[in-house]
Amino acid sequence: MTIHDLRTRHGDASDGSADQVGGRLSRVDGPAKITGAAKYAVEQQLEGLAHAVLVESTVPAGKVRAIDTAAAEGAPGVLLVLTPDTIPPLKTASDWFGTPPPDVPYCPLARDIAFSGQHVAAVVAESFEQAVAAAALVKVSYDEAPAVADLSDPKAGDGIAIDMMTKEWGEAEAAFAAAPVRICAAYNTPREYQAPMEPHGLIAAWQGDRLTVWEPSQWLDGMARTYAEWFAIPFENVRLVSPYIGGGFGSKALALSHGAVAASAAKMLGRPVRLVMSRPQTFTGYGGRAATRQTVTLGADRDGKIQSIVHRGVNETSMGGMWVEPLGSVTSVMYATPNFSSKQNVVRVNSVVPGAMRAPGENPSAFGIESAIDELAYEVGIDPLEIRLRNYAEQDPHARKAWSTRQLREAFVAGAEAFGWARRSPAPRSMRDGNQLIGWGVAAGTYPVRRAYGEALVRILADGTVEVESSSIDMGQGTYTILAQTAAETLGVPADNVVVKLGDSRFARAGVTGGSRLAGIMTGAVHKAAGAALDHLVGLAISDPRSPFHALQANTLVVAGGRVSSPRGDGPEVSIAELLASVGADQIEAKGDTMPANSTAEDRYKAYTTIATPLTHTDGDYSRHSWCAHFIEVRVDEDFGTVRVSRVVSALDSGRLYNPKLAESQWKGGIIMGIGQALLEEGIVDRRHGRIVNNNLADYLVPTNADIPDIQTISVGIPDPHSSALGGKGVGELAIVGVAPAIANAVFHATGKRVRDLPITLEKLI
Amino acid sequence: MTSPTTIPIHLTINGHDHSLEVEPRVTLLDALRDRLDLTGTKKGCDQGQCGACTVHVDGERVLACLTLAAQVEGRSITTIEGLAEADGTLHAVQAAFLEQDAFQCGYCTPGQIMSAVACIREGHAGSDDEIREYMAGNLCRCGAYPHIVAAVRQAALEVQS
Ligand code: FES
Ligand code: FES
């Protein structure tokens, strides 16, 4: 029963105060971050802390023949040198679907080498400096074997067909053959790296058979499960703590071998151990975005109407692991087509297993289809914006369901207007400013609404302040802030009076923070928990004989600004603290979750520690996605081929925004990462040694402040009740999708050169 | 822990004196973070490529990961923890970062703020393009750059007036 009034809000200025959902409240964790008070996971100061440093393989394939640890063991301060022979075997943990693992031992240090940079040994010492110095003394010899360096290695082959990625309808090949206009091109994206500014690492500490891990984490409960399974201890015995996360972008969701090494060392030494990867190690200690290859074939009428899309994709994976980057994801939903075929292979190479990086799948997928439709526009002589509208998908062409909401047309209109698209001169090389060729490009993006489950606990304390607890996390998306707003609005208290506690696996549980799902799930859970707490509070006020409202015989009360009164204003008005004191309650606590009713403990464990039970974005009657349109201007130096992005206008449909100030920041962050992808970012493989040679931040180029112009974002979303409890859709991943093709399309408009191979570097233009 | 390989050093940080016994190879960054519990200064790369470790030495911006602790003996060091006034009043740059939402994860932020304070003091905040150029040594993977420019612009006006 809900006995209080829930108002509908839209995520715009009409919602009023910054304290409420939709308001532009500044980050509540901001003061800690701008004063240096925010302690990130590995910054805990623990008594007796020892320091571990990893030693990595220097060959891409083969076997470790021997490891000579004598010099390292004799070095000053060294406590322990771990090798595959000396680290105690662990149990193999289940994967992220929770698939029961094989009953074989797991060794986090490798004897069999499958990529350069694999962890083969570790040194633990009293100080970080001693551990670094001693790690350099470990001598590893190998029996080297031939390696497959990357996708273009002649030994790579065609790979393995992933049948579950196949999507087909109509007669795609025949329709293409019969189409009057035909486009066929190959689009490539290189290895890319998340490169969060905070490197991966952890502190592990044991007390008996209880393990505490301070580790930056996008998924406390999932990682706690893995640690528990490795060390064969109950899930409850592992505590993951991750109060602030210095960026993740998909890379901090799983417990990885370095974590197993640190936790093993801590157990062996009976001391807390800190292990932080060096920046170069972060390029091979976990996977970035897989390199991809796509062929996009479009058959169309002379008026630009698409008749057929045939799409083939390939991504790299590792020798032992499986990563599928879904390359047909945008291809199959963006445009209406009567005939469609998409298939995908993966190819094994000697690399660390690739992983999730901001919009895995959708991002490279959009580079293919959004470049190809631009090529079609020039082929048939239609404006690139107009051709997108002509092929607008009025429903999900693959699922054949209505969109929950799709404000993409509105995004095209609003973006074009703000950008001044109507003033574009259509021919390539027709706009210039001195020796700079100017190009204007457009592309669309989309990301599915991923939904799952979460819990939150809301506690109203005796002094009238409120605590919210959840094991979900804030890596910069604004979780602390939007959950404070949600609790404040639901309870009718100022956001200042709400303290949100996140990042501790002891709190109410939550699933993975990935796929832009957290905000929708957790605002729903907090809304529910806060609603239950409010029901409880109002119920007490009405029914408890000691309450000042008891005599009123009201059936509801109003709570606003932290004060309780009757709806007609005819009774007393007291603060929440006074009300609680009057009825002798020292606190009110309520838990809320988004799980189906009657869920068992086992269901909950599975929902929060695996990804096996999400709701698909096409469940039920609707297909749910967020949408965007990017309009980008580039300036290309005609002599040198250098490309600068000079203007960006993006219009985005993320549904209702819980906090527009923070959502705009996340959108811009995605756009900026997209500019990096388009112009700068590329993991370069040394084919002789199968090594990433630019494994540092000076050689793997991420955008700097000087690379980024002013960026205008426009929200065109409307509340989407089918996507989340409060009407929001995904924010974090959406905005990167479509940026790279918008830039490639702008570069074509500027220069007449079509670059289908990211990044767009100067040698491809001159 | 004293050992034959350590040396005594005295550092003045945020107006306070600290005595340490460290190996000569200990960087200012690790001295701050691991020995003095001043973890506001961040380690992003440990090789001078990201700017997360930016502090001020005698008022000038310096990368703490490329500076040995022993090198700055007797010099005045300011870190992010020492920027606000003793009563907690934020520096104009800190306040502007909060207002403009010039950060997300916050990991690059102490370095950005220390750089921004120096950038304004150096007289390099005269235009948006100048701010972009003189703040280009501080990477932000969250992509807060346009808001950092807005914050530096705003703080520069306040500091100058
Ligand atoms: S940590 Fe010093 S520049 Fe990156
Ligand atoms: S705020 Fe995350 S790296 Fe700058």
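Mentor: A disulfide is a pair of cysteine sulfur atoms within 2.5 Å. The model is predicted. Searched as a whole, with every chain included, the structure has zero disulfides. Two cysteines show contrasting surroundings. Cys184(A) has 54% relative accessibility and is therefore exposed, since the cut-off for that class is over 50%. Cys65(B) has a relative accessible area of 7%, so this residue is buried, the limit being under 20%.

Contact involves 16 residues from domain 1 of chain B and 17 from domain 2 of chain B. Together, domain 1 and domain 2 of chain B bury about 1,300 Å². Carbon and sulfur atoms account for 53% of that area. Which three residues of domain 1 of chain B supply more of its buried area than any other three? They are His56(B), Arg61(B) and Ile80(B), and they supply 47% of what domain 1 of chain B buries against domain 2 of chain B.

Arg61(B) also has a charged partner. Its side chain meets that of Glu122(B) in a salt bridge, at 3.0 Å from N to O. The count of salt bridges across this interface of chain B is one. Polar contacts join nine residue pairs between domain 1 and domain 2 of chain B, with both residues at pLDDT 80 or more. On the domain 1 side of chain B, the residues touching domain 2 comprise three nonpolar, nine polar and four charged ones.

Next, chain A. Its assignment gives three domains: domain 1 (43-146 + 201-276), domain 2 (292-450 + 618-764) and domain 3 (452-609). Take domain 1 and domain 3 of chain A. Their C-alpha centres are 39 Å apart. In contact are 21 residues of domain 1 of chain A and 18 residues of domain 3 of chain A. This pair of domains in chain A buries about 1,700 Å², with 51% on carbon and sulfur atoms. Gln218(A), Asp221(A) and Arg239(A) give 33% of the area that domain 1 of chain A buries here, more than any other three residues. Arg239(A) also pairs with Asp504(A) in a salt bridge, 2.6 Å from N to O. One salt bridge is counted between domain 1 and domain 3 of chain A. The polar contacts between these domains of chain A come to nine residue pairs, both residues at pLDDT 80 or more.

Last, the chains against each other. Chain A puts 59 residues in contact with 49 residues of chain B. The two chains bury about 4,400 Å² between them, 55% of it on carbon and sulfur atoms. Within chain A, the residues losing the most area to chain B are Ile34(A), Met197(A) and Asn705(A). Together these residues make up 19% of what the chain A side buries. Seven salt bridges are counted between chain A and chain B. The side chains of Arg27(A) and Asp101(B) meet in a salt bridge, at 2.6 Å from N to O. Polar contacts between chain A and chain B number 29 residue pairs, again with both residues at pLDDT 80 or more.

Methods:
Residues numbered from 1 in each chain as written. Chains lettered and ligands numbered in written order. Predicted model: local features only at pLDDT ≥ 70, side-chain atom pairs only at ≥ 80, totals over all residues. Heavy atoms only, no water. Contact = heavy atoms within 4.5 Å. Buried area = accessible area lost by both parts, 1.4 Å probe. Salt bridge = Lys/Arg side-chain N within 4 Å of Asp/Glu carboxyl O. Polar contact = N/O pair within 3.5 Å; in protein donor to acceptor, adjacent residues only side chain to side chain. Nonpolar A, V, L, I, M, F, W, Y, C, P; charged D, E, K, R; others polar. Buried < 20%, exposed > 50% of the residue type's maximum accessible area, 1.4 Å probe, protein only. Domains from an automatic or database assignment.
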